[in-house]
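Subject: Structure handed over, with findings

Dear colleague,

Please find below the structure for your review. My notes on the findings follow directly after it.

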Amino acid sequence: VDQTLFRRFREIAYESAGIALSAEKEALVSARVGKRMRALGITTTSGYLERLEADRGGEELLAFLDAISTNYTRFFREPEHFEFLVGVVRQSAKRGRKSFRIWCAASSTGEEPYSLAICLSEALEGVTDDYRILATDISTRVLANAGNGVFSEKSLAPLSKSRRAKYFRKTTAGSGREPCFEVTPELKQHVLFRRLNLAKPPFPLRGPVDLVFCRNVMIYFDNAVRQGLISEVERLLRPGGYLVIGLAESLSGVSCELSQLRPSVYRKRSIPGIASATIARST
Ligand SMILES: C[S@@+](CC[C@H](N)C(=O)[O-])C[C@H]1O[C@@H](n2cnc3c(N)ncnc32)[C@H](O)[C@@H]1O
């Protein structure tokens, strides 16, 4: 790709989704844009750019963002975060909480929110059925996948046999030759999928939420975009609520009042103005 054209693709990715494409991504962008061009029957990169710019906010912009973004995810990715969640939810339920709200920001194809639903179902069995996971992503393609809740046998590998049997049913809904599995309606009813652009605060969400999982998406954002996002997370968390970010991520360069519990887990103060260390001892 011509340098000027690449710069324009970078600007579009940043302005529309907060995605900061580094210079090393040029080959990737060029390969993926090439694929889009073939699908549309466009032969020059500048032709594609024209099409994209004429269609800002429309369908091609979504297709472009889909093409350049990485949707990699899997069930129970970074398992310690799910263990942490189960601990927090159990403790909270023991103290009498009967309702749980979780926001899974950048939920990709659904493995993460369904893993969360499985954990909540198990942690709250016999206690309450009132738990909901709001799962959001910028990509309508991954959201459609996630909403269907159909997964290949291979993708279920991280799940134990008993979890597979309990939360999935074999289905013919998949497109390929491989057998596919669909999340049961009992589990699905706890997860709501919505499109949300994390780079465009304020978000049309009310909160409060008990826990936010926002993992492996801030790596694509620069500090300005991360700051806007984290400020919104702070607003939406209930006092004492938690933010979980990817194991490879950090909030360095972002100013916020969340206190760090461990490298990728943060907590909002229980009572505003009181140091979180004091709170930690008393709750
Ligand atoms: C690598 S996946 C991470 C999925 C999951 N959170 C995990 O940790 O396995 C990153 C996801 O972020 C989404 N994404 C990228 N930019 C976004 C934005 N501005 N707003 C919302 N989602 C975005 C992508 O569509 C993709 O599904």
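A residue is called buried when its relative accessible area is under 20%, exposed when it is over 50%, and partly exposed in between (1.4 Å probe, protein chains only). The model is predicted, so local features need pLDDT of at least 70 and side-chain atom pairs count only at pLDDT 80 or more, whereas totals for chains, interfaces and linings use all residues. Residues are numbered from 1 along each chain as its sequence is written, and side-chain values use heavy atoms, with hydrogens and water left out.

Helix α3

Helices (H or I, at least four residues) and strands (E, at least two) are DSSP runs, numbered from the N terminus. In α3, the buried residues are Tyr-48, Leu-49 and Leu-52. Seen down the axis of α3, these buried residues fall within an arc of 100° and therefore line one face of the helix; the arc is that of the directions from the helix axis to the C-beta atoms. The face turned away from the buried side of α3 carries Glu-50 and Ala-54, which are exposed. The cover over the buried residues of α3 includes α1, α2 and α4 (59–68), where contact means heavy atoms within 4.5 Å.

Helix packing

Two packed helices are described by the angle between their axes and the distance between the axes. Here axes are lines fitted to C-alpha atoms, for helices over the stretch in contact, and angles run from 0 to 180 degrees between N-to-C directions. Angles under 35 degrees count as roughly parallel, over 145 as roughly antiparallel, 65 to 115 as roughly perpendicular and the rest as oblique.

The axes of helix α1 (residues 3–17) and helix α2 (residues 26–40) come within 11 Å and cross at roughly 85°, which means that α1 is roughly perpendicular to α2. In this contact, Gln-3, Phe-6 and Phe-9 of α1 meet Glu-26, Val-29 and Val-33 of α2.

For α2 and helix α3 (residues 45–54), the axes come within 10 Å and cross at roughly 80°; these two helices are therefore also roughly perpendicular to each other. On the α2 side, Val-33, Arg-36, Met-37 and Leu-40 meet Thr-45, Tyr-48 and Arg-51 of α3.

Aromatic pairs

Rings of Phe, Tyr and Trp (its six-membered ring) pair if their centres lie within 6.5 Å; planes under 30 degrees apart count as stacked, over 60 as edge-to-face and the rest as tilted. The structure holds 11 aromatic pairs. The ring centres of Trp-103 and Phe-203 are 5.9 Å apart with planes at 70°, so this pair is edge-to-face. Trp-103 lies in strand β1 (residues 100–105) and Phe-203 in the loop between β6 (191–195) and β7 (209–214), 100 residues apart. Both residues, Trp-103 and Phe-203, are buried.

Tyr-114 and Phe-193 are likewise edge-to-face, because their ring centres are 5.7 Å apart and their planes stand at 65°. Since Tyr-114 is in helix α6 (residues 111–123) and Phe-193 in strand β6, the pair ties together parts that are 79 residues apart in sequence. Tyr-114 and Phe-193 are both buried. One aromatic cluster is formed by Phe-75, Tyr-114, Phe-151, Phe-168 and Phe-193.

Helix α7

Helix α7 (residues 140–148) has Val-142, Leu-143 and Ala-146 as its buried residues. Among the elements covering them are α6, β2 (131–137) and β6.

Kind regards
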